[in-house]
Amino acid sequence: MSIQRQSDEPTDNERSLQQLAWTLQASVEKFKLIWARCNYSALQSRLIKRLGEICQFKIQVLQLKESERTLYTVIREELQNDTQALMIVGWQSLQDLPQMLTSANQVREEFRNHLSLPIVVWISEEIHHTIMEIAPDLESWGTSRSFAIAPTDLSEFIKQLADEYFGGNLSTNNYKILELELEAAQRELRSDDHEAEANLASLLGFVKQTNNKIDIALEYYQKALAIWQQLNNLEKQAKIIGEIAYCFYVKALKKSDINHPDWQATRQYTQECIKFLNQANSQDLIASSITKFGNILRDLKEWEQLKKLAQQALELHQLNNQPIELAKDYGFLAQVALAQKRWSEAKQLVQKAKDILPVISSVERKDISGIVSGLSEEPTISNDLSLYNFILAQAQYQLNEPRQAIANLEIARDFGSPLFDLRLYLNILNYLQRLYFEKKEYLKAYETKQQQKSIEQQFGLRAFIGAGQLQSTKQAQLTLTLAETQENIAPEIATSGRLLDVERLIERIGRLDYKLIVVHGQSGVGKSSLVNAGLVPALKNKAMGIQDNLPVVIRVYTNWIEELGRLIQQALYNKSRKGDSPTLELETSATVAETATLREQLRENEQHNLRTVLIFDQFEEFFFVYTEPKQRRQFFEFLGECLNILSVKIILLLRVDYLHYLLECNRLSSMAIIGKDILSNNVLYELGNFSPEDTKSIIQRLTQATSFQLEQALIDQLVNDLAGELGEVRPIELQVVGAQLQTENITTVREYQQRGTKEELVKRYLAEVVNDCGVENQQAAELLLYLLTDEKGTRPLKTRIELERDLQALVANKTTGGNNFDLVLQIFVKSGLVILLPENPADRYQLVHDYIALFIRQQQQPKLNELMALLERERQQRKLGEAKLNSFLKRALFGSVVAGVVLAVLALTAWFEGNLAREQRNLATINEIKALTNSSQAYFAISKEKFDALIEALKAEKTLKGAIGVDSETKVKVLTVLQQAVYQVKESIPLPIYEGSTPVETG
């Protein structure tokens, strides 16, 4: 765009508007597409208003929402009946412009066939270039007109924004749009206007920083600083130096080493800016800088400088009656007192901050300008309260008030948000976890620890998460004005072959010839992570043709009808709340739990151009819950009916060893749509392990964005160890080993070799989870893991009753109660090491992967050998008791002979001796019965010797028959143990895998 053309811009624009009005008038009741190119929203608004004055017919202006992805659908839903011409604006704010354009290009014939009116699309020059690249066919259908800005208007536009920025009151609803307009201004600005150039560089630095493009922001700030230095403008130099300091601070927050160059640069520019402020001797500038520089000085541990700055700011804020800022001043002073171990003073200062906030009205919650506008708006009051409660809790803990400290930490957690202050939120969770653990509230401590790790993974601070499931990633907001946080595909998915899997699955979902997809693979291969961290966020951010996607993931099958209905309604609610489906009417009646109503809801979704994708995760659990063919038939008939709804897609995820359970679907007539062949290649999708090369790429990508950097030699060695003889890497093993590497901060191959390779890292990972159960529960936790293995090193399924029974037979400390047992079991399940399989009549538990079972077996075997030795000593003691009984009987016999000689004298004594012998004989018999019972239980629990366990149980039952005076509890225990032993021996006999249409568990 030339300057000469801009010089007569008002005349050119007026002439172009007149021509556009004539074109619209001539195209009424005809389809006509016009691209109106204008780089500035304010100019665009004036032009649209002027066009409305020129035209004498109804023109409707359609404002696109940020989340829109299907243009044709939006037009059909929003178009008013009496509209004669349509204008579409808001393209710059779209979250996924390429998706919108791709979708529109695919269905371009729909526009021509069903829209009989002229359409004017208002876009910037840059977006027009994007349209020509992504949707060339659609672009070729339209004519194009350009509307330029005059040079004087451009200079005024830049100056007005710069005045607002340097005055501390620049505010806009969308910084993404402002960034595009400023970039256009950069291309059009005359190069001889140095002040305008400096203003523009300052503004571009600000919007890049606000949009979290920190490195680019630094480039613009450095350029602006150099020009302001040439122009000798000290005040604006100070402003830009402060911005540079804050940008380096944002970068440094991801680095734990205070000597890192980013931290050093933060310190350098912060000191330089404060020096400028002191030279300027402006109390207003000093007071307004406390919010940003206070946090920087705190993290640099410059306590005296922070104290001085906070005290200076406090005096001015008191004088000007600025309560929010005054509370912040007290908060900073309280943090200084904490650092200097003045606990009581810290408590008093932060209490003053808390006392100020509740009386602040909404009118007083105005933005306060600052010398640094790294966060363009102040954090919310709730975030301030989170900080103050955290400070108070730390002081209370040091003052030996742990209960009050925990209460305030919980308040701090509930008021805070990782989106607004990630570092603070993680510190709160870390402190709360420590206090929970000290108070022996182990489950709360572990849940808090897992929450902390999950947030670190989602925000890119943690490279590995361990045995848990991956989640979609998020990004902390640098301002409160950005759009709602968008879920993104996790780096673990994006950097490996899994991204290709996501793309292939999405391709199947978009095709008519793929109605049902069965994703299968070995345990631990990452099926659930693929869904949560890859497929679901990809579907949410993508449309296909004129349809948007509505993914619904179900994982609980106890009452699948009710659960599925609830999840569908929740997904629809979330979509409507975001504005994606404004016309969707949600079903709220109780009948949503009925399958007919579910199908009706799915058809209604189709009418609103929603493709419902039903995803059944960990589907093998369904067969544990519903053991009867009739129960399963109802579900599969429902699936078949859903498959006959055109827009509905169904995905089942299950372990490969459960695939044959699906065969019973083939007999249903509703499955004709998939050829009654559920195990065909057109249905199945295999998910395998990572290749070594993919694994190296994953590790490098995951660690490069964090402070946990691994040397290349360690990555090569680690991948070689993980691949082993298979030549493949299990995703779960990569996560477990990687998590332990990060926990121990092992970053070199030398440290890796010195501190134990893969096997030792896995053992220590398991030990850490055991330690999280508490020292008093350590033995029970170790044995419980062992009981979830067998002599083959595999993972048997066990119920809670079975586990508790076996544990009771092994644990030396009989005081281990049911509550502690449940605690250990819950922690194992939450850790991801143990899978809970809901089943009727009792839930069952299983280790997450076979390779973990092998490690546990090897680690716990020595300890179990000690227990076996104890059991053997118990047997020896039992034999000794039997010998003493025989000796007593011999003495009793000899006594009876002597009594025959002196019968008349000792008759009464003999009677007493006989009674005593019977009592001791009965007591010995009862002890023998109990010993045999315990021996039977121990044989099964420790070594799985089922036949030895049965023999011991039979001995106990035989002895019981001849015993006198045995209590009822012992009798019941003998019968229970015998039944258990018989059942286990029976189960050990191989049974056919399939019996009719019902899957049969093998022993």
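Predicted model: local features only at pLDDT ≥ 70, side-chain atom pairs only at ≥ 80, totals over all residues.
Mentor: Residues are numbered from 1 along each chain as its sequence is written, and side-chain values use heavy atoms, with hydrogens and water left out.

Trainee: Why is glutamine 398 called partly exposed?

Mentor: Buried means under 20% relative accessible area, exposed over 50%, and partly exposed in between, with a 1.4 Å probe and protein chains only. Glutamine 398 has 38% relative accessibility, so it counts as partly exposed. Across the protein, 53% of the 1003 residues count as buried.

Trainee: Which residues is glutamine 398 in contact with, leaving aside neighbours within four places in sequence?

Mentor: Contact means heavy atoms within 4.5 Å. By that rule, glutamine 398 touches Trp343 and Tyr431.

Trainee: What makes residues 381-398 a helix?

Mentor: Helices are DSSP runs of H or I with at least four residues, strands are runs of E with at least two, and both are numbered from the N terminus. Residues 381-398 form helix 20, where glutamine 398 is found. The protein has 42 helices and 16 strands.

Trainee: What makes strand 2 and strand 5 edge strands?

Mentor: The open sheet has five strands in the order 2-3-4-1-5, with parallel pairing. Strand 2 (59-63) and strand 5 (143-146) each pair on one side only.

Trainee: Why is the lining of the second largest cavity called nonpolar?

Mentor: Ala, Val, Leu, Ile, Met, Phe, Trp, Tyr, Cys and Pro count as nonpolar, Asp, Glu, Lys and Arg as charged, and the others, Gly among them, as polar. This lining divides into twelve nonpolar residues, no polar and no charged. Among them are Phe31, Trp35, Ile88 and Val121.

Trainee: And what makes that space a cavity?

Mentor: On a 1 Å grid over the protein atoms alone, a cavity is a set of points where a 1.4 Å probe fits but cannot get out, and lining residues have an atom within 4 Å of a point. The second largest cavity holds about 80 Å³ of space.

Technical notes:
Pairing = 2+ DSSP bridges. 1 Å grid on protein atoms, 1.4 Å probe; cavity = no way out; pocket = protein on both sides within 12 Å on 5 of 7 lines; lining within 4 Å. Points joined across faces, edges and corners; volume = space filled by probe spheres on them.
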